[in-house]
Amino acid sequence: MFKTVFLVLFLSFCTIFCCDIRAQAVIPVPDLLHGEMVITADSTAQPEKRDETDIMDVLGQMKRKSKRTREVKEVAPRKILYSMVPAVGYTLSTGVVGLLSANAAFYLSDTATTNISSINTSFNYSQYNQITIPVLANIWTKDNGYNFVFDWRYFKYPQDTYGLGGHSSLSDADRINYSHVRLHQTALKKVTGAFYLGIGYQLDYRWKIRQEGSNEDVTSYGLTSKSVSSGLVGNVLYDSRKNSINPEAGLYANVRYRTNLTFLGSNTNWQSLVLELRKYVNFPRGSRNTLAFWDFNWLTLAGKPPYLDLPSTSWDPSNNTGRGYIQGRFRSPNMLYFESEYRFVLTQNGLIGGVVFANAQSFSNWPDKKFDKVAPGAGLGIRLKINKTSRTNIAVDYGFGAGGSRGLFVNLGEVF
């Protein structure tokens, strides 16, 4: 089975992996409350100046003010810039979500080659009584010598599951209620250019797990009232994107190997591997349009993960795989995923844009581990620019999947 899996992965990577080696540039961090952003003093990292409009310009014009040209701020070392914004979102699995989001941006060094560091948090409450509290941090030391990444989250998250493999149907829905604490952290050291090597520790602790239905796959695989996955992570990263919020060009490649060990508190010993590749092409060259590719493959190498730790639709770190399907729609020990999206401007001032996308996901059967079904998805969407300097958009997409699956998907920023 794994010979077939790695052949598919190799062909996918070869399709995308064609780019020049470039130095990693800074990542802009938008201030959503004030419609501004902060960026490094390195002028080469600033986006090309264009006659563009964002939502803050529109609001200014509505108040009969002249069109403003907002300047890019330079942040003094050690100074912290922060913002806070309330918002409303929507996903198929949560319904309407109300949230209060805050972020802080700062430099740990005054050198021009040091990326800006950021800390983001929010409180999210959904229509289905789900609570999510993330604390996400991306810390860069002097000259980007080290990068410390933190992904800490609390979930109180009742959600449907549909069984294992690619042959489940929407009628197989089975509600599982649980609470979850995620503590993921990684330290990466710069090797050369945009290459980094790192090691980390990841803990996923779930409790008060309760199955409300009687899905046969859930019962057969096993679902305990509490689960602990605790392990070490090895990380290899290459990132040549100049703007991770909305890339126009560049390559992101990441390999993450996780080994969960009983002596670290894990219920069982099990290992997983994530291979992720994102490629961005300015097409046609010189335009404001982008052709983007995303390959995300999540494999269980050995052992038996807890049911809720298995690879699943839209349970990648960004919760964005499988537009066209509800979160958790497919689940199994192994997942293969590929998506392509074309992003284009609809108005000359860049305020409104559009996308068309298509994706395909395949999950191994259980317990025979064969891949014999592909679940396709496709759709289109609208983009509204809320910050023209960082190129941050509100993304609203409508996606279609197999078996009558469809829905609206709303994000702050691009899907990948």
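**View 1. Contacts of Ile 176 in the predicted model.**

**View 2. The largest nonpolar core.** This core holds 26 residues. Ile 176, Tyr 178, Phe 296 and Tyr 307 touch the most other members. At least two residues each come from strand S10 (174-192), helix H3 (216-221), strand S14 (270-282), S15 and S16. S15 gives the most, with four residues.

**View 3. Strands S14, S15 and S16 side by side.** S14 and S15 run antiparallel and are joined by 12 bridges. Leu 277 has Asp 295 in S15 as its bridge partner. S15 and S16 also run antiparallel, with 10 bridges between them. Here, Phe 296 stands opposite Tyr 337 in S16.

**View 4. The ring pair Trp 294 and Tyr 337.** The model has 22 aromatic pairs. How far apart are the ring centres of Trp 294 and Tyr 337, and at what angle are the planes? The centres are 5.6 Å apart and the planes lie at 75 degrees, so this pair is edge-to-face. An angle over 60 degrees counts as edge-to-face. Trp 294 is in strand S15 (residues 290-302) and Tyr 337 is in strand S16 (residues 334-345), so the pair ties together parts 43 residues apart in sequence. Are Trp 294 and Tyr 337 buried or exposed? Both are buried.

**View 5. A cluster of rings.** Ring pairs link six named residues into a cluster: Tyr 280, Trp 294, Phe 296, Trp 298, Tyr 337 and Phe 416.

**View 6. Arginines over ring faces.** Arg 278 lies over the face of Tyr 252, 5.5 Å from the ring centre. Arg 323 lies over the face of Phe 357, and here the distance to the ring centre is 3.8 Å.

View 7. Ser 122 belongs to strand S6 (residues 117-126). Its relative accessible area is 12%, so Ser 122 is buried. The cut-off for buried is under 20%. The side chains of Ser 122 and Asn 124 are joined by a polar contact of 3.0 Å. Leaving out residues up to four places away in sequence, Ser 122 touches Leu 100, Ser 101, Thr 132, Ile 133 and Pro 134.

Technical notes
Residues are numbered from 1 along each chain as its sequence is written. This is a predicted model: local features need pLDDT of at least 70, side-chain atom pairs count only at pLDDT 80 or more; totals for chains, interfaces and linings use all residues. Side-chain values use heavy atoms; hydrogens and water are left out. Rings of Phe, Tyr and Trp (its six-membered ring) pair if their centres lie within 6.5 Å; planes under 30 degrees apart count as stacked, over 60 as edge-to-face and the rest as tilted. Buried means under 20% relative accessible area, exposed over 50%, partly exposed in between (1.4 Å probe, protein chains only). A charge sits over a ring if NZ of Lys or CZ of Arg is within 6 Å of the ring centre and within 35 degrees of the ring normal. A polar contact is a pair of N or O atoms within 3.5 Å; within protein, one must be able to donate a hydrogen and the other to accept it, and residues adjacent in sequence count only if both atoms are side-chain atoms. Contact means heavy atoms within 4.5 Å. A nonpolar core is a set of buried Ala, Val, Leu, Ile, Met, Phe, Trp, Tyr and Cys residues joined through side-chain atoms within 4.5 Å. Two strands pair if DSSP finds at least two bridges between them.
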